[in-house]
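Visitor: I would like a quick tour of the sheets in this structure. Can you take my questions in turn?

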Amino acid sequence: MSTPTRHATAGIRETTEGTVYDVTGGDWDELAAAAAKSDDERIIVNMGPQHPSTHGVLRLILEIDGETVTEARCGIGYLHTGIEKNLEYRTWTQGTTFVTRMDYLTPFFNEAAYCMAVEKLLGIEDDIPDRANVIRVLLQELNRLSSHLVCVATGGMELGATTVMIFGFRDRELVLDLFELITGLRMNHAFIRPGGLAQDLPSGAVDALREFVKKMRKNLPEYDKLATTNPVFKARLQDIGYLDLAGCMALGATGPILRSAGLPHDLRKVQPYSGYETYDFDVPTVDTCDSYGRFLIRIEEMRQSLRIIEQCIDRLEPGPVMVGDKKIAWPAQLALGPDGLGNSLDHIKNIMGTSMEALIHHFKLVTEGFRVPPGQAYAAVESPKGELGVHAVSDGGTRPYRVHFRDPSFTNLQSMAAMCEGGQVADVIVAVASLDPVMGGVDR
Amino acid sequence: MSEQDRRNDGANPDQELNAENLPGNRGDGGEVIGVRRGMFGAKAGGDTSGFGGLVRTVRLPGGTRRPYGPGPEAGWFDEVADELEGALDEQGLLPENVITKTVVDRGELTFHIEREHLPRVARTLRDDPALRFEYCAGVSAVHFPEDRGRELHAVYHLRSLTHNRLIRLEVTVPDADPHIPSIVEVYPTNDWHEREAYDFFGLIFDGHPALTRIMMPDDWQGFPQRKDYPLGGIPVEYKGAQIPAPDQRRSYS
């Protein structure tokens with residue numbers, strides 16, 4: 001073994017923690033000369049973790065021979081934030097604040113899956129008020145729209161179709177405006193809580209929703225006009241990122257990837273939750289097994305989501321949005337103050353002035369939380385990316401003992417190698433975009 | 001003490017209560033995973049509430065006797081159990097040696113499997129036409145440091161798309177010998193999931209094609225999601241007061 005060459009740009013220094021080697025920078029001329037000396041074309045390329053078209057901090061390790069990818073691997077973990085571990089140090093209700101940040105493009109699905117697991121542990125799945133379930137479905141379908149819009153938009157941008165990107169983010173903005181109106185936040189809502197919702201819909205929400213549906217019905221066909229039959233777009237997507245049904249099943253791929261292989265598997269249909277069995281919608285499939293098929297499925301799913309949103313609006317009957325159990329629900333008069341911050345003055349007047357018991361209960365529920373009987377539960381929802389499963393374990397305490405998220409992005413990303421090996425380098429981007437991985441969900 | 005009094009003092013609910021009042025048809029008292037003391041998490045002796053002496057044993061739901069259900073009648077849980085036991089029998093295995101316990105809790109069916117038989121059970125569940133659990137939702141590990149000799153649990157959720165069913169397999173191993181056979185051969189999707197369980201819990205999946213860390217850096221020491229691994233964090237000063245790090249705050253036991 002030869003001693004490593006010391007480059008001018010690479011320094012070595014001693015610190016209290018030990019020796020630190022700085023390897024930033026480097027002499028590219030030397031590298032190019034070394035590469036020119038070797039006679040084969042085989043190079044290993046690191047794409048990412050800071051490459052703009054790898055969807056966040058995903059690192060692709062590609063072994064390429066000329067323009068052909070001979071081997072592809074993923075390096076993940078750059079966005080690992082230890083959310084699962086952190087949950088074990090907060091109450092069950094505080095958990096929603098953490099899980100909403102996992103896959104940050106699908107916050108309501110993370111919250112809904114987590115809350116369903118907690119509700120299963122508590123044995124209160126059947127006590128969730130209808131209005132809470134309708135609003136949960138409504139928010140999830142809005143969220144499906146915004147997630148698919150980002151997928152289509154960034155996927156288009158990576159091909160150079162910047163108009164698709166502009167249109168996608170323009171329409172996503174409409175959804176985020178609704179989220180802001182309803183929950184107060186554009187992302188990271190923590191709005192769905194174990195037992196129901198944090199609050200009811202604000203006044204004006206229904207009108208805004210109707211207006212939104214009307215606008216989206218007008219905007220959605222624009223994607224067809226721009227992309228669906230566009231020959232350049234089709235040439236880049238068709239037969240790229242091929243994964244057939246056998247591959248999907250073996251690799252556990254779900255969501256649009258599985259449905260692009262022709263299997264109409266959708267948890268909203270096969271294992272309905274939150275009353276999905278009562279809504280009228282279709283599960284689109286194609287049998288092309290490629291990126292173009294996944295694009296078509298996402299566009300069609302957005303149309304179906306609009307249908308469900310319309311049905312939700314018609315079903316919104318006045319009623320509670322939290323379970324009646326006062327050992328789980330916070331005092332019911334909880335409402336935002338006039339400045340949009342803090343609690344409403346009426347509520348504060350009530351708990352501070354006239355009802356000491358409500359104050360005690362509120363304090364105990366917020367600081368201590370509620371106890372969940374020991375055991376484990378698995379709850380799964382159909383997120384825009386596939387099956388989002390939550391395995392929650394309780395030891396009877398006020399904090400989760402263990403929560404594990406089976407994030408669809410994490411599992412789907414495994415199929416990257418199967419999709420890309422043997423293809424062109426430029427098609428890796430298309431294949432990864434069609435998987436729609438979000439690193440916040442992959443790394444958690 | 002009269003018969004009526006003895007009934008009301010609730011000293012031994014297992015014997016005193018009728019079967020229909022119990023939460024489930026359980027064969028044993030359940031697995032003890034810990035003991036809780038006190039109520040408000042005060043450990044330095046400042047608890048004047050009178051609850052400081054409270055001692056409670058924490059048990060996970062125990063084994064269930066047939067019929068498994070779902071519901072009070074025999075249902076598809078029993079069908080799956082029958083088919084699995086029959087298929088294991090055909091392979092020359094004694095079902096009671098393979099399935100140590102069957103738990104039905106919260107409408108979910110869990111088979112506790114001896115670790116050496118896990119790949120065979122997984123393959124049977126996947127391939128038998130009457131079972132056909134084609135899809136595995138990965139492995140989730142749980143660490144119970146006080147469950148002596150069975151500290152690490154690996155939990156697999158299997159879904160049958162053909163029959164639209166979901167079951168759970170649970171494998172327990174001691175901390176001193178954290179080896180579980182890998183089922184990547186049966187369910188290739190478990191490749192990354194097993195790497196994740198290894199990374200965070202130190203479970204070693206024998207036969208995995210490349211069991212390396214996946215989230216943490218390759219040279220990381222320790223297994224971060226074990227219960228004895230600290231969360232970390234620093235105290236934060238807010239309006240003149242010190243707010244301790246999350247794992248140093250009082251926890252309500």
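Guide: Start with one pair of strands. This is a predicted model. In it, β8(A) and β9(A) pair through nine bridges, and the sense is antiparallel.

Visitor: How many residues lie between β8(A) and β9(A) in their hairpin?
Guide: The strands β8(A) and β9(A) pair in the antiparallel sense. They form a hairpin. The number of residues between them is two.

Visitor: Which residue is the bridge partner of A:Glu382 in β9(A)?
Guide: A:Glu382 belongs to β8(A), where its side points the other way from A:Gly375 and A:Ala377, among others. Across the pairing, in β9(A), the bridge partner is A:Glu387.

Visitor: Is A:Tyr378 buried or exposed?
Guide: A residue counts as buried if 20 or more other C-beta atoms lie within 10 Å of its own. In β8(A), nine of nine residues pass that test. One way point residues including A:Ala379 and A:Val381; the other way point A:Gln376, A:Tyr378, A:Ala380 and A:Glu382. A:Tyr378 is buried.

Visitor: Which are the edge strands of the open sheet of three strands in chain A?
Guide: The order is β8-β9-β10, with antiparallel pairing. An edge strand pairs on one side only. The edge strands are β8 (375-383) and β10 (402-406) of chain A.

Visitor: What does the twist average from one strand to the next there?
Guide: The sheet in question has the order β8-β9-β10 in chain A. From one strand to the next, the twist averages 15°.

Visitor: Which residue in β10(A) is the bridge partner of A:Val393?
Guide: β9 (residues 386-394) of chain A and β10(A) pair in the antiparallel sense over five bridges. For A:Val393, the bridge partner in β10(A) is A:Arg402.

Visitor: What angle does helix α4 of chain A make with β8(A)?
Guide: Helix α4 (residues 107-122) packs on the sheet in chain A. It touches β8 and β9. Its direction makes an angle with that of β8(A) of about 150°.

Visitor: Now chain B. Which residue in β7(B) stands opposite B:Phe111?
Guide: The open sheet here has five strands in the order β3-β4-β7-β6-β5, with mixed pairing. Within it, β4 (residues 108-113) and β7 (residues 165-173) of chain B run parallel, joined by three bridges. Opposite B:Phe111 stands B:Leu169.

Visitor: At what angle does helix α3 of chain B run to β7(B)?
Guide: Helix α3 covers residues 76-90 of chain B. It lies across β3, β4 and β7. Its angle to β7(B) is about 55°.

How values were computed:
Residues are numbered from 1 along each chain as its sequence is written. Chains are lettered from A and ligands numbered from 1 in the order in which they are written. This is a predicted model: local features need pLDDT of at least 70, side-chain atom pairs count only at pLDDT 80 or more; totals for chains, interfaces and linings use all residues. Two strands pair if DSSP finds at least two bridges between them. Helices (H or I, at least four residues) and strands (E, at least two) are DSSP runs, numbered from the N terminus. Axes are lines fitted to C-alpha atoms, for helices over the stretch in contact, and angles run from 0 to 180 degrees between N-to-C directions. Two residues are in contact if their C-beta atoms, placed from the backbone, lie within 7 Å. A residue is buried if 20 or more other C-beta atoms lie within 10 Å of its own, exposed if 12 or fewer, and partly exposed in between; C-beta atoms are placed from the backbone.
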